[in-house]
Protein chains: 2
Amino acid sequence: MRPTTKDLAKAAGVSLATVDRVLNERPGVRPKTVEAVTEAIARIGFVRNQSAANLARQKVYRLAFLLPENGDQFRDALTASIAEARQTLASDAIQIATQAALPNDPHRTADLIAGLSAEDLDGVAIMAPASPQVRDATLRLAQAGVAVVSFVSGQQNDVAFDFVGIDNRAAGATVGRLLGRFAGGQTGKILVVAETMTALDSVERRLGFDQIMTREFPNLTVLPSLETHGREDRAQKIIGHAYRHHNNIVGVYVIATEGRQALSAILKTTDPKRQVIVAHEHTGFTERLLVTGCLDAIIAQSTGHLVRSAVRTLKARIDGQEPIASQERIRIEILLRENLGLPHQS
Amino acid sequence: MRPTTKDLAKAAGVSLATVDRVLNERPGVRPKTVEAVTEAIARIGFVRNQSAANLARQKVYRLAFLLPENGDQFRDALTASIAEARQTLASDAIQIATQAALPNDPHRTADLIAGLSAEDLDGVAIMAPASPQVRDATLRLAQAGVAVVSFVSGQQNDVAFDFVGIDNRAAGATVGRLLGRFAGGQTGKILVVAETMTALDSVERRLGFDQIMTREFPNLTVLPSLETHGREDRAQKIIGHAYRHHNNIVGVYVIATEGRQALSAILKTTDPKRQVIVAHEHTGFTERLLVTGCLDAIIAQSTGHLVRSAVRTLKARIDGQEPIASQERIRIEILLRENLGLPHQS
DNA sequence: CTTGCTTTGAGGTACGTACCTCAAATACAC
DNA sequence: GTGTATTTGAGGTACGTACCTCAAAGCAAG
């Protein structure tokens, strides 16, 4: 049986009240007594029963996820994982709210964040494109005592907050290696399609991608990034243009999340099976393409892990602890048709 | 605030005692009353506070992991993950013991399992090669009321227990696709090296591998499996022999966990960089080979996930619940140098 | 030695749930 | 309607911790 506060009191030769004062850093205890108690804690290996403490304290962790309002299937998957986490974690005194933030409008997003307060919130995970307004509002929120993580995308080089998401540079490098190997020594060009290169994630992915390509696959020439701006017509136009002007495109890297516009345009423009195509995130859309052989690989991050990691990180910060870095690293998953977890085909 | 049992009692128009009887399935409640309470549960969205319940119940989940006594680095990683889980889960009233089982000796393993009882154990995760003796002892244990999962390797087609581990057939298929693509259309032979093909895991991996290779990569000929029996000298002998008799080996699939003997022998026999080599499990050994370019990819399963999944599954069974299948699927990870999680090289 | 202050102890209540006992209420068979 | 069995209610204690109050003990200065 684990030692309780009572055992601790006995071991330290003090009363329960004093133990309580020391544990909760209440005043009115001589340094010498504090030391005696901390010594006893170490000696008998006392660990506070967090459940009981939360129960007594009537503590609830009030967390929120701020996600872009409009979204692709990846965002929907995140929302679903959040809902699942809400269920699972409800019994651990963790309350999770989801809120939509406003994309493409940093001011309104900042306003929304500014409207939050420590009064009704202990921690937030924010998924928003980097912008000074959002950053300022977020910093103020953090200073007001709310735990903050930047989630999936955003200012990940920012030392002010924890970041929960994949290392995008490594993700880009992974795509590079995969594309290079799958291309099998051919000589040719690689098309890169993003939604917008103003997004930090895309920049970092491209960085990691280029690094590998120039170093390891000099036979492949990487073209400048095309930007769809999330519009199907534009995607069609620029991709059509690219294929008309380059006759030896052997691979495509779709940088943008899910990359629906880009992939749709490519399918209409050319035969996807005659080149190597890699895209990000596991959704119904990308899965279908992978299974039918139109996509060669998907680079993904598990939404379930993302959400759970964000929750653990926030909880640790709220409790004044340091998150366990090793556990919170989000894996860069490489998905082929065979390791999607689908039932076997005969 | 979340509704409590008291709120539930009020909402259902019954007393706390009756609510308690319904919640804990104690006898002596009319079906009609049960229904009224369950209706109220749904209506007000009552969720039992698991922490408080565990506290009141003084419940501890006593779990144990039975791993092979002698082991490679993968087993060590499992042990480390178990130790980590022990720390993390201690506050959830989960006690975890690790025990060494005896490999290559089914009788002693079975004896050890037979020595366990529901008296001092609520659940066990067993990692042991399939054998009738072990299976019988395990079945008896399960009938004695101990929750059992077969862990990582073993009798995974066994409906009698839950299985926590990867789908080995899919893992083999994944290796197949990767090897095939990395080989880039070359014509040649693929060497397959196992520790022993009596292990169920290896058989299934080979099955999945062959299926893909014959269907998708007819240019590659897969050779019969070599068996090292875990002995370095034998590995050296059979692998040397293989390379002397086949002049166009373009790829190697090391089926066995970590595959230290096989890989060491290959490194001594031939230039690993001139062929595609894929092995299983992420350990210090395989990581070094991957980073130096001697290995092309590692197919891995996360020891942390394995352990946590086993714990969740056992806990669910002990609580009389069904494990959530979707959450417990262990991912087949594809690791390249770039997504290992190492710090960036400049 | 007294005064005033700090430190400590003893004891209480509370959190939400489990589990127990005993009495009261109700239902049902005859 | 009576007797009996079943169902329900009221109230208690417990789990480990937090937080409160009040009194007792300790200590230092005068």
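Helices (H or I, at least four residues) and strands (E, at least two) are DSSP runs, numbered from the N terminus, and a residue is near a molecule or strand if one of its heavy atoms lies within 4 Å of it. This is a predicted model, in which local features need pLDDT of at least 70 and side-chain atom pairs count only at pLDDT 80 or more, while totals for chains, interfaces and linings use all residues. Residues are numbered from 1 along each chain as its sequence is written, chains are lettered from A and ligands numbered from 1 in the order in which they are written, and side-chain values use heavy atoms, with hydrogens and water left out.

Select DNA strand D and the 26 residues around it, of which A:Thr5, A:Arg48, B:Ser15, B:Thr18 and B:Thr33 come nearest. Helix H4 (50-57) of chain A, and from chain B helix H2 (16-23) and helix H4 (50-57), each supply at least two residues of this surface, with H4(A) giving the largest share, four residues.

Next, display the atoms of DNA strand D within 4 Å of the protein, 73% of which belong to sugar or phosphate and the rest to bases. For polar contacts (pairs of N or O atoms within 3.5 Å), select A:Thr5, where a polar backbone atom is 2.6 Å from a phosphate oxygen of DNA strand D.

Finally, select A:Phe151, which, leaving aside neighbours within four places in sequence, is in contact (heavy atoms within 4.5 Å) with residues including A:Phe65, A:Leu78 and A:Val164.

Technical notes
Polar contact = N/O pair within 3.5 Å; in protein donor to acceptor, adjacent residues only side chain to side chain.
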